[in-house]
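Biologist: Could you take me through this structure, feature by feature, and show me how each one is read?

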Amino acid sequence: MGIKKKLRGKIAGYAIKALVKFPQTVSEPLIKVVLEKIWRQKITNVHQMLASVKRLSDTTSKNCQEKLFENLAFRGLIENQKIRDEGARHGLPPLHTILISPTMRCNLKCSGCYSKNYQKKYDLTFEIFDKVIKEGKEMGVAFFTILGGEPFLRDDLFSLFEKHSDVYFQVYTNSTLLNEEVVKKLAEMGNVTTQLSIEGFKERDDKRRGKGHFEKVMTTMDILSEHGAPFGYSVCVTRENVEEVVSDEFLELMTQRGGVVGWYFPYMPVCGDRTTEPMPLPEQRKLMKERRDYIRTHYPILIIDFWNDAPYVGGCISARYYCHINNFGDVEPCIFTHFAQANIKNRSLKEALNCEFFKEIRSRQPFNKNLFLPCPLIDHPWESGTFLKIPGVYPTHPQAPTLIEDLKDDLDKYSQDVYYIYTPVWEEWAKQK
């Protein structure tokens, strides 16, 4: 063990020598600890880790680098751990991030999206928005994810970023509102990164999001790169685009444009869709894992696969390491689980996280010893059917029960097929641990 520890320290030292552009205020011991934490999780190999960090130092401004390491890495991963440990002694989950949808409004009308049905009067108020950040910080959270709808429709978003300059934000956006002025503000603040939604190449992206969207994303990436503001991309993976968005051609484009992270979220029929057809097939889901492993070996970009990375965090993390608060204030265990038992408007965050609904979810995790099958909605639909019957649990979207009531047979079959395909995958993975 001592040899391994020395080796980790030596490799981290090599990484530090490559970070000649990092600000002097970011200490070498801090970078060492962060890199060692990443390596211990085996989320990436050493070569890619060093290449990714070096690339980050080459493409982002000193101010953005400083905020990334101080707020997200040091405060979020290291300093606040003692706060989470203390909370755990009092029965609180060790929350690492909070997802917030302050608005569900959007300026696009993408096919199959429900955001066009929302109005400004349904937005979360600034006071409640601010309350969530404050109470999250008290629990040791230093990383907040903002989504929607289109978050940049809020005219008070920058006021919140500035008020809470001691934490780090990532914002999922369709990129259409990120002009030169907005990007300049982001770079000046330094504590915000953006994840740009994209469906694939031009033809596929424009087909869903509207003509000209792909070029707008490319232009936005150029502006972000010009100002040294770190950014990534986010893909809703479907049966139709899966091969395209994990292809060498697509990864080369995202890397060339300056993306430092890529988020892959498989489509889930959680908003009243009465079909599972857009979902990636079980064999395509396995293809994603194989391509993810390849990408992590060949590209200097951090790839996060929402389902296939579950073994690194012990399976499902809903209600345990993160939660989602929607525009009405409902506290949901997961961005895809549109059910709640508490509302942040009349409950504290601590109270909401310890409601019976959340405690029941945590008591059942992981839902299978095969951690490649993490999701209670998709991989174990009978589980979700059980805990959603808890008294006081209510749907937070009018059509949320469709998933449980109308798609039961389809999801049962899907989960069986996934189990069959992923059993040997898990056995092989477990051998290597």
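Predicted model: local features only at pLDDT ≥ 70, side-chain atom pairs only at ≥ 80, totals over all residues.

Biologist: Where is S175 placed, and is it buried or exposed?

Modeller: S175 lies in the loop between β3 (168-173) and α8 (180-189), and at 0% relative accessibility it counts as buried. S175 also has a positive phi, of about 80 degrees, although it is not a glycine.

Biologist: How should I read omega, and which peptide bond from a glycine is cis?

Modeller: The bond from G148 to G149 is cis, with omega near 15 degrees, and G149 is found in the loop between β2 (143-146) and α7 (157-163). The peptide bond from Q365 to P366 is cis as well, with omega near -10 degrees, and P366 belongs to the loop between α15 (356-364) and α16 (381-387).

Biologist: How many disulfides does the structure hold?

Modeller: A disulfide is a covalent bond between the sulfur atoms of two cysteines. The structure holds zero disulfides; for C375, the closest cysteine sulfur is in C316, at 6.7 Å, which is too far for a bond because the cut-off is 2.5 Å. C375 is buried, with a relative accessible area of 9%, and C64 is buried too, at 1%.

Biologist: At what angle do helices α9 and α10 pack, and which residues make the contact?

Modeller: Helix α9 (residues 202-209) and helix α10 (residues 213-226) pack at about 110 degrees, with their axes 7 Å apart, and they are therefore roughly perpendicular to each other. The contact is made by K202, D205, D206 and R209 of α9, together with H213, F214 and E215 of α10; these residues divide into one nonpolar, one polar and five charged.

Biologist: Which residues touch the most other members of the largest nonpolar core?

Modeller: That core has 76 residues, of which I98, Y233, Y264 and F357 touch the most other members, and α10 gives the most to it, with six residues. Apart from this core lies another, of 37 residues, among them V270, I378, Y414 and W426. Returning to F357, and leaving aside residues up to four places away in sequence, its contacts include P333, F339, F387 and V393.

Methods:
Residues numbered from 1 in each chain as written. Heavy atoms only, no water. Buried < 20%, exposed > 50% of the residue type's maximum accessible area, 1.4 Å probe, protein only. Axes fitted to C-alpha atoms, helices over the stretch in contact; angles between N-to-C directions. Helix = DSSP H or I, 4+ residues; strand = E, 2+ residues; numbered from the N terminus. Parallel < 35°, antiparallel > 145°, perpendicular 65-115°, else oblique. Contact = heavy atoms within 4.5 Å. Nonpolar A, V, L, I, M, F, W, Y, C, P; charged D, E, K, R; others polar. Core = buried A, V, L, I, M, F, W, Y, C linked by side-chain atoms within 4.5 Å.
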